[in-house]
Amino acid sequence: MSPMMMLAAILLPILGGALVPVLPFKKRIAMEVYLEALVLATSVLVWMILAEGPGERFPIVKFVNNLSLSLKLDGCGMVFAGLVSALWPLAMLYSFEYMTKEKHEKIFFMFYTMTYGVTLGISFAEDMLTMYFFYELLTLVTVPLVLHTLTREAVLASRKYLYYSLGGAAFAFIGLVFLMIYSTTIDFTFGGVLSPETVGNKTNALLFIYVVAFLGFGVKAAVCPFNSWLPEAGVAPTPVTALLHAVAVVKAGAFAIIRLTFYSFGTDFLVGTWAQYVVMGIVIFTIFYGSSRAVKETHIKRRLAYSTISNLSYVLFGVTIMTPLGLVGALSHLVFHAVMKICSFFCAGAIMHQTEKHYVHELDGMGRKMPMVFGIFTVASLALMGVPGLCGFISKWNLANAAVMSENWLAYVGIGVLLISALLTAIYMLTIVIRAFFPPAGFDAGQIAEYRDPNWLMLLPLFVFVVCMVVFGLHSAPIVQLFTDISNGVM
């Protein structure tokens, strides 16, 4: 497979999406067929690339000296590209039905499709500079999606998202500059690119820069105290919030931190230092904070947003353990959480689309009228709690195992916080389920008589997600072995 195919996979949805507003679609169905075919063609192209495995470097643009925008597929990039390419066609299919009640559809689908290509650019980036370029571009193509409804709340949310993202990117850029100065290369190299010869007596300065860059990339990963943009971004249409919370934006932040830690600074340089304890302490606090706020939140999408804040730091907790087992746990939760969270968000979107209800207390008895949606939401809730037999248990087990094996006292604290977070997850997720299926005494079923499950466009992705949660929960060995190979530098 030619390395140029990676560039083709990136450009196909970007250019194809940019054409949506100008193409003369006579019927809406024609636009839907075009978009789904475009996204499916991109995913097929990505899967063909992944089937070939890690490949050669492909330079796109060369700057001065050794600086260039270049693509290269490795094991870590394969995981992120595979995740994105598997979920995007289903997300697009779901969005067709959801957007029937929204305005400015062509503009929405233009940026929604372009985001797919930009996210693939992050996956295929060969070095920190290339990843940073696509990382910044991701902000620019997703701001219009948050702004889509053009309400006052959307304007304020998109402004905050833009400010936070640009501020975080500035912090990340500092890390990029220092890597250029104190390393021989900025190419992603498993084990890191810093050496005693290049670092000299600047160890503490570079540890400080690592923390700064961690927090910079951590803005998109919603670490404390830079996470308030995420719940507010819930004013966007549900296909966008699912994209923000499960696939592209927040996962791009977590993926960038994996690259920063294991492929740039290197764990040999970081393990046992004060920088490791600082970033691990931040993510442990974020896990507890996100779960606690989710319990208090009454708006459905905002509750799920705080859940995302907590679960993203599960991924980062694995990263900050800074061992191969920690990376296995991080990659496990990166993938499995994406499936669980996009499923739960799409269930919430289906509920809001069918009923126009937005708060937990408005869902009494809805499970009896929308049994498929709420049944699937129940499975997603159990998976997020970490119930054995579902994929959430596998990733949490891997994280806990990595924490125990690390013999790091702060990682032991993290295990306790994971258990507390699991209890809080049961509270904020099952509260919705119980109210939906078991309304309080005296409930008037007549007021919800007209509600029903949505059509197949919304239900098909949900069924696929619930099957994935079960399959990954019962037969996770092959994919966990893939993560183990990547974590040991084999791929």
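Predicted model: local features only at pLDDT ≥ 70, side-chain atom pairs only at ≥ 80, totals over all residues.
Local features need pLDDT of at least 70, side-chain atom pairs count only at pLDDT 80 or more, and totals for chains, interfaces and linings use all residues. Residues are numbered from 1 along each chain as its sequence is written, and side-chain values use heavy atoms, with hydrogens and water left out.

Trainee: Which element gives the largest share of the lining of the largest cavity?

Mentor: On a 1 Å grid over the protein atoms alone, a cavity is a set of points where a 1.4 Å probe fits but cannot get out, and lining residues have an atom within 4 Å of a point. The largest cavity has a volume of about 30 Å³, a volume being the space filled by probe spheres set on points joined across faces, edges and corners. Two or more lining residues come from each of α3 (75-98), α10 (238-247) and α15 (324-355), where helices are DSSP runs (H or I, at least four residues) numbered from the N terminus. The largest share, four residues, comes from α10.

Trainee: How many nonpolar residues are in the lining of the largest cavity?

Mentor: Ala, Val, Leu, Ile, Met, Phe, Trp, Tyr, Cys and Pro count as nonpolar, Asp, Glu, Lys and Arg as charged, and the others, Gly among them, as polar. The lining includes Trp88, Tyr112, Pro239 and Phe346. It has no polar and no charged residues, and the nonpolar ones number 10.

Trainee: How do the residues lining the largest pocket divide by class?

Mentor: A pocket is an open set with protein on both sides within 12 Å along at least five of seven lines. The largest pocket holds about 430 Å³ of space, and of its 21 lining residues Val235, Ala236, Lys301, Met352 and His358 are the closest to its centre. The lining divides into eight nonpolar, six polar and seven charged residues.

Trainee: Which helix gives the largest share of the lining of the second largest pocket?

Mentor: This pocket has about 340 Å³ of space. Its 17 lining residues divide into 16 nonpolar, one polar and no charged. The largest share, seven residues, comes from α3.

Trainee: How many residues of α4 are buried?

Mentor: Helix α4 (residues 105-124) reaches 29 Å from its first C-alpha to its last, close to the 28 Å expected at 1.5 Å a residue, the expected span being 1.5 Å times one less than the number of residues. Buried means under 20% relative accessible area, exposed over 50%, and partly exposed in between (1.4 Å probe, protein chains only). The helix is largely enclosed by the rest of the structure, because the buried count among its 20 residues is 18.

Trainee: Is the pair of Tyr210 and Phe265 stacked or edge-to-face?

Mentor: Rings of Phe, Tyr and Trp (its six-membered ring) pair if their centres lie within 6.5 Å; planes under 30 degrees apart count as stacked, over 60 as edge-to-face and the rest as tilted. Tyr210 lies in helix α8 (residues 203-218) and Phe265 in helix α11 (residues 249-265), so the pair ties together parts 55 residues apart in sequence. The ring centres are 5.4 Å apart and the planes at 65°, so the pair is edge-to-face.
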